[in-house]
Amino acid sequence: MIVVVDYGAGNLRSVVNALESLGRGVSIADSPEPLRQATAIVLPGVGAFSDGMEGLRKRDLVEPLTEAVMGRRVPYLGICLGLQFLAREGLENGRHEGLGWLPGVVRRIEPPDARFKVPHIGWNDVQIRRRGVLLEGVEDPAVFYFLHGYHLDPGDADDAVTSTCFHGVTMAATLEHDNIFAAQFHPEKSQHAGLQLLENFLKAAGA
Amino acid sequence: MLKKRLVPVLVLRDGAVVRSVNFKHTNVIHWRPLTAVDFFNKWAVDEIVVLDVSRTKDERQKFYEVVERLSRKCFVPMTVGGWVDSTEEVRALLRLGADKVVLNTEAVRRPALISECAVAFGSQCIVVSIDVVGAKNAARVHIDRGAEATTLAPVDWARRAQTLGAGEIFLTSIDREGTGTGYDLALVRAVVDAVGVPVIAFGGAFEWQHLVDGILAGAAAVAAANVFHFTEHSTKKAKEFMRAAGVDVR
């Protein structure tokens, strides 16, 4: 069962629409029970890191997610906030704990040059380091839609970064580590390339 | 590198797409916003902005229905606005499928709304729309769809909106809107130079050169309403022109 996690942060609808347009049925979970049957988990999210993590905590989702992803090794796709939550902590509006499944810190995007406006909003090229699962069949460079003011500084997890984007600073665009997959951009809003990425994840998850 | 964006704007009144000139909304163009969005999906636009200018809040329910239906078919990012006056409203629109939400009048009346929304939803979801009447030093922010003048200068208000947490500025020259004479480029440049967030230029574009000029004035995105509804295959042609002029578009 493909589970899309609903923790009150932003636009669930687009992700569900995209997955359904690929011919998959999805379950939406805002409580722990559906996660126990999940064979693939998608965590989307646009919003503030702290507010999002609080949304997960309030719904008692943190332990069940960790058990599913780090325990049972259920394939996980994090989108935007769903990538940032992987970190140990986020520095938006203070210091907040993330899920801590990978090392790394979420920091504000700070370009050295005023020509680069923040938040990073719009379509940007993504430079592929290695194809992995997500980027199979995607052009190089591919163009995806980004919408974020903070980015994951991977620290010791740098090996997990499979592609990057540049906006004054070079930032992680996709990550892959074991059963964990994540994109900083929005595949559900990135038309063909984005749908290809989602299909790649679903296939790898056997979903 | 981050591309410059081409953004069609759908102005809706009571669920139908209308034509707008100097903020006086005149004839209905399409009864069905879905038709417009269908075209845009095929013609590689970068984002869509949908603004509700219904005269009463009762016509709002129709707008929610439209937003929900549009989000099912809209595979590019969608920014939604008009009458947004609370965090609950923002949350509701995001859940219906909006990627970004626009604040305008209420943000001026109660600036704390911007920070409340930025803290709850993240700055990247919050666009502050600034409508301007007058040029250069006489330029002033107007609210309530142009009905009420304020003493705010656009650059000052844009800076303050950014400090409060706006992630983008949607900048409209009411004087230029619907006239087809191009953006107020001095206004665009002044606001772009004053803030560190992206600025979307709106109001007055009707020729492809106007879009290029908007980019050269520093806009991260160029938006237009009427032109995209009246010219066939227009967004594709607009991008071809922009590309030929050296603008990095998708």
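**View 1. Polar contacts link chain B and chain A in this predicted model.** Across the interface of the two chains, 18 residue pairs are in polar contact, with both residues of each pair at pLDDT 80 or more. Three helices of chain B each supply at least two residues of the side that touches chain A: helix H2 (60–73), helix H3 (87–96) and helix H5 (112–121). By residue type, this side of chain B divides into 19 nonpolar, 12 charged and 7 polar residues.

**View 2. The interface of chain B and chain A buries about 3100 Å².** Carbon and sulfur atoms account for 51% of that area. In terms of contacts, 38 residues of chain B meet 33 residues of chain A.

**View 3. Salt bridges cross the interface of chain B and chain A.** There are 4 of them between these two chains. One salt bridge pairs B:Arg95 with A:Asp6. The closest N and O atoms of B:Arg95 and A:Asp6 are 2.9 Å apart. Over all chains, the structure holds 26 salt bridges.

**View 4. B:Glu68 and A:Arg13 form a salt bridge through their side chains.** The N to O distance is 3.0 Å. B:Glu68 lies in helix H2 of chain B, and A:Arg13 lies in helix H1 (residues 12–21) of chain A, so this pair joins two chains.

**View 5. Chain A holds an open sheet of 9 strands.** The strand order is S2-S1-S3-S4-S13-S12-S11-S8-S9. Pairing in the sheet is mixed. Strand S2 (26–29) and strand S9 (142–148) of chain A are the edge strands, and each pairs on one side only. Neighbouring strands are turned against each other by 30 degrees on average, direction ignored.

**View 6. Strands S3 and S4 of chain A run parallel.** Strand S3 covers residues 40–43 and strand S4 covers residues 76–79. They are joined by 3 bridges. A:Leu43 stands opposite A:Gly78 in strand S4 of chain A.

**View 7. Helix H4 of chain A packs on the sheet.** This helix spans residues 62–71.

How values were computed
Residues numbered from 1 in each chain as written. Chains lettered and ligands numbered in written order. Predicted model: local features only at pLDDT ≥ 70, side-chain atom pairs only at ≥ 80, totals over all residues. Heavy atoms only, no water. Contact = heavy atoms within 4.5 Å. Buried area = accessible area lost by both parts, 1.4 Å probe. Polar contact = N/O pair within 3.5 Å; in protein donor to acceptor, adjacent residues only side chain to side chain. Helix = DSSP H or I, 4+ residues; strand = E, 2+ residues; numbered from the N terminus. Nonpolar A, V, L, I, M, F, W, Y, C, P; charged D, E, K, R; others polar. Pairing = 2+ DSSP bridges. Axes fitted to C-alpha atoms, helices over the stretch in contact; angles between N-to-C directions.
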